[in-house]
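Student: Could you walk me through this structure? I would like to start with the packing and then move on to other topics.
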Amino acid sequence: MLLHLKNLLTADELAQGRALLMAADAPWIDGRRSAGEQAVHVKNNQQLVQDSASAATLRELVLGALKRDPLLFSAALPKKIFNPLFNRYGDAANYYGAHVDGAVLHSRASNQWVRTDVSCTLFFSHPDEYDGGELLVHDTYGEQRVKLAAGDAVLYPGTSVHEVRPVTRGARLGSFLWIESMVRSDERRRLLFEMDMALLALRQRHGESAEATRLTGVYHNLLRQWADT
Ligand code: NI
């Protein structure tokens, strides 16, 4: 499932994040230093040094936004969130070819292993600031092209082959991270999300009812069956 999260960041957060990422002294390094064996051959971008002060501020900013978003919670049912990382595509380091992310990754900031059930990309550049740079996700329904407004994010399955197309003008600044879900199966998460969204719409249209309460009970009892906390 691909899910577009609109305005994940507030205007203030976006402005603060952009100022840090666009600062002349922002500590960018070769992104290949953090790539796995398969990915290193196709990766050509830059990443912000994880131990830097700006990365620490940005991490808190993104984590705060992720944790308050109800749609993200419903879709991803997060158990652990990998520390958000930041990348830049532009100039000579401008693409990331087709690859798969590691199934379990070690998060340095929180010193824990995270299973990569759900991937997230958050856009810090406005789409008119760069050409190319689309995120291509190859899923069961074919190839999806994603290029979103600054401050918006996309969730996509961690199991998918994906790539970032070459940036041919300007620069694409973004954050990326992974979520380990309480519900491991993509299919089950999708069913729960569908039901949650349908219940929300049902209540908006008809208000509270005994049937809506019973269905909410079914949702929670399914989650109880499937969740691993
Ligand atoms: Ni990736």
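**Contacts and cores**

Tutor: Setting aside residues up to four places away in sequence, Leu 21 touches Ala 26, Trp 28, Leu 48, Leu 58, Phe 86, Phe 124 and Leu 173. Please keep in mind that this is a predicted model.

Student: Which residues have the most contacts inside the largest nonpolar core?

Tutor: They are Leu 21, Leu 48, Val 62, Leu 66, Phe 124, Leu 155 and Ile 179, in a core of 32 residues. At least two residues of this core come from each of strand 1, helix 1, helix 2, helix 3 (70-76), strand 10, strand 14 (153-157) and strand 16.

Student: And which element gives the largest share of this core?

Tutor: Helix 2 does, with 7 residues. There is also a second, separate core of 13 residues, with Phe 123, Leu 135, Tyr 156 and Val 164 among them.

Student: Let us turn to helix 1. Which of its residues are buried?

Tutor: Glu 13, Leu 14, Gly 17, Arg 18 and Leu 21 are the buried residues of helix 1. They lie on the same side of helix 1, because they cover an arc of only 130° around the axis. Ala 11 and Asp 12, on the other side of helix 1, are exposed.

Student: What do the buried residues of helix 1 pack against?

Tutor: Their partners are strand 2 (28-30), strand 4 (46-48), helix 2 (53-68), strand 6 (85-90), strand 10 (118-123) and strand 16 (167-181).

Student: What span should helix 1 have, at 1.5 Å a residue?

Tutor: Its 12 residues, 11-22, should span 16 Å, and the end C-alpha atoms are 16 Å apart, so the two values agree.

Student: Changing topic: what are the protein donors of the nickel ion?

Tutor: The nickel ion has His 99 (NE2), Asp 101 (OD) and His 162 (NE2) as protein donors, lying 2.1 to 2.2 Å from it. The spacing of these donor residues in sequence is H-x1-D-x60-H.

Student: Are His 99 and Asp 101 buried or exposed?

Tutor: Both His 99 and Asp 101 are buried.

Student: Now the backbone. What is the phi of Asn 7?

Tutor: Asn 7 has a positive phi of about 50°, although it is not a glycine. Most residues other than glycine have a negative phi. Asn 7 sits in the loop between strand 1 (3-5) and helix 1, and it is exposed, with a relative accessible area of 60%.

Student: And what is the phi of Asp 91?

Tutor: Asp 91, also a residue other than glycine, has a positive phi near 50°. Asp 91 belongs to the loop between strand 6 and strand 7 (95-99), and its relative accessible area of 60% makes it exposed.

Methods: Residues numbered from 1 in each chain as written. Predicted model: local features only at pLDDT ≥ 70, side-chain atom pairs only at ≥ 80, totals over all residues. Heavy atoms only, no water. Helix = DSSP H or I, 4+ residues; strand = E, 2+ residues; numbered from the N terminus. Expected span 1.5 Å × (residues − 1). Buried < 20%, exposed > 50% of the residue type's maximum accessible area, 1.4 Å probe, protein only. Arc of directions from axis to C-beta. Contact = heavy atoms within 4.5 Å. Donors = N, O, S within 2.8 Å, 3.2 Å for Na, K, Ca; no water. Core = buried A, V, L, I, M, F, W, Y, C linked by side-chain atoms within 4.5 Å.
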